[in-house]
Amino acid sequence: MPGKRALIALLFLLTGCGGTVGGTVAASSPPGLPATPAATATPSASLTGPNLQGCYGPADGRLFTYDGGGVMFDGLIMGDGPVGVVVSYERGGDACTWRPLAERLTSAGYRVLLYERGLSGPVNPVIVKMTERLRKDGAERIFLVGGSIGGSESIVAATRLKEPPEGVVNLAGTVIPEETAPLTVPLLQITAESDQGATPITLQAAGDAAVKSPDRSLVVAKGEFAHASALFGTAQGPMVLDSIMAFLAKHSG
């Protein structure tokens, strides 16, 4: 499946696809939400002692470890609200770049789980495991949010959970129609106008295939090419964060 996903992304790149394609295209903060201040630079990974990837410590939330197939990895749960969010970062990235969203979520009363993972192996089983962990921590309803492979695999995980999430946010994950077709929960997809992998056309096609989803939309960051969580630090970063917050608020129940 990953090979097919990569092939589709390459085909769109070679044909010069891009720009705005259907869906919901935002160029400013969604109505009804205050504008988010520009995302600040992520603190350097410098914490000592128990921490998550050097940038989240005990002062940020509840640290934990989990067995990732014989290797122990770290995680963190921030906040204690009834609605939870599992955040999955992009390949080659880390949880540190997701702090702008994590802090916005906890300030709004959400319970947020961030975690590290290995460099190989499927991601969606880990997302399922983290969802179960967040439910045990007290979350009654859960959203899945991820960037790049973390986003596309969040969609796959949503179709495999015994108790489906409230919705999924795919931030520039290259996903194919066969993966979105079984989805039965709301879907928000966000990408940069000039993203060379998760092009607007690619995500629009995947969203169109999610015919069982009660609400699916695409937000395109106009004039940007930054990928996944790197969008938080761009001129369109406030709009991206506001779009995610509006989607979660709409479907939190």
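Predicted model: local features only at pLDDT ≥ 70, side-chain atom pairs only at ≥ 80, totals over all residues.
1. Alanine 172 sits in the loop that runs between strand E6 (167–171) and helix H5 (177–180), where helices (H or I, at least four residues) and strands (E, at least two) are DSSP runs numbered from the N terminus. Although alanine 172 is not a glycine, its phi is positive, at about 65°. Alanine 172 is also buried, with a relative accessible area of 0%; buried means under 20% relative accessible area, exposed over 50%, and partly exposed in between (1.4 Å probe, protein chains only).

2. Residues are numbered from 1 along each chain as its sequence is written, and side-chain values use heavy atoms, with hydrogens and water left out.

3. At 0% relative accessibility, alanine 228 counts as buried.

4. The packing of two helices comes next. The axes of helix H3 (residues 124–137) and helix H4 (residues 149–158) come within 8 Å and cross at roughly 70°, the axes being lines fitted to C-alpha atoms, for helices over the stretch in contact, with angles running from 0 to 180 degrees between N-to-C directions. That makes H3 roughly perpendicular to H4, a term that covers angles of 65 to 115 degrees, whereas angles under 35 count as roughly parallel, over 145 as roughly antiparallel and the rest as oblique.

5. On the H3 side of this contact (heavy atoms within 4.5 Å) are Asn124, Ile127 and Val128, and these meet Gly150, Glu153, Ser154, Val156 and Ala157 in H4. The residues of the contact divide into 4 nonpolar, 3 polar and 1 charged, where Ala, Val, Leu, Ile, Met, Phe, Trp, Tyr, Cys and Pro count as nonpolar, Asp, Glu, Lys and Arg as charged, and the others, Gly among them, as polar.

6. H4 is mostly covered, since 10 of its 10 residues are buried. Among the buried residues of H4 are Ile149, Gly151, Ser152 and Ile155, and also Glu153, which takes part in the contact with H3.

7. The salt bridges come to 9, each being a side-chain nitrogen of Lys or Arg within 4 Å of a carboxyl oxygen of Asp or Glu. One of them joins aspartate 137 to arginine 62, with the closest N and O atoms 2.8 Å apart. Aspartate 137 lies in helix H3 and arginine 62 in strand E1 (residues 62–67), so the pair ties together parts that are 75 residues apart in sequence. Aspartate 137 is partly exposed at 27% relative accessibility, and arginine 62 is likewise partly exposed, at 36%.

8. A salt bridge (2.9 Å, N to O) also links the side chains of glutamate 103 and arginine 99. Being 4 residues apart in helix H2 (residues 99–107), the two are separated by about one helical turn. Glutamate 103 is partly exposed, with a relative accessible area of 38%, whereas arginine 99 is buried, at 11%.

9. Arginine 141 and glutamate 140 meet through their side chains in a salt bridge of 3.9 Å, N to O. Arginine 141 is partly exposed, with a relative accessible area of 25%, while glutamate 140 counts as exposed at 52%. Elsewhere, salt bridges that share partners join Asp60, Arg99 and Glu103 into one network.
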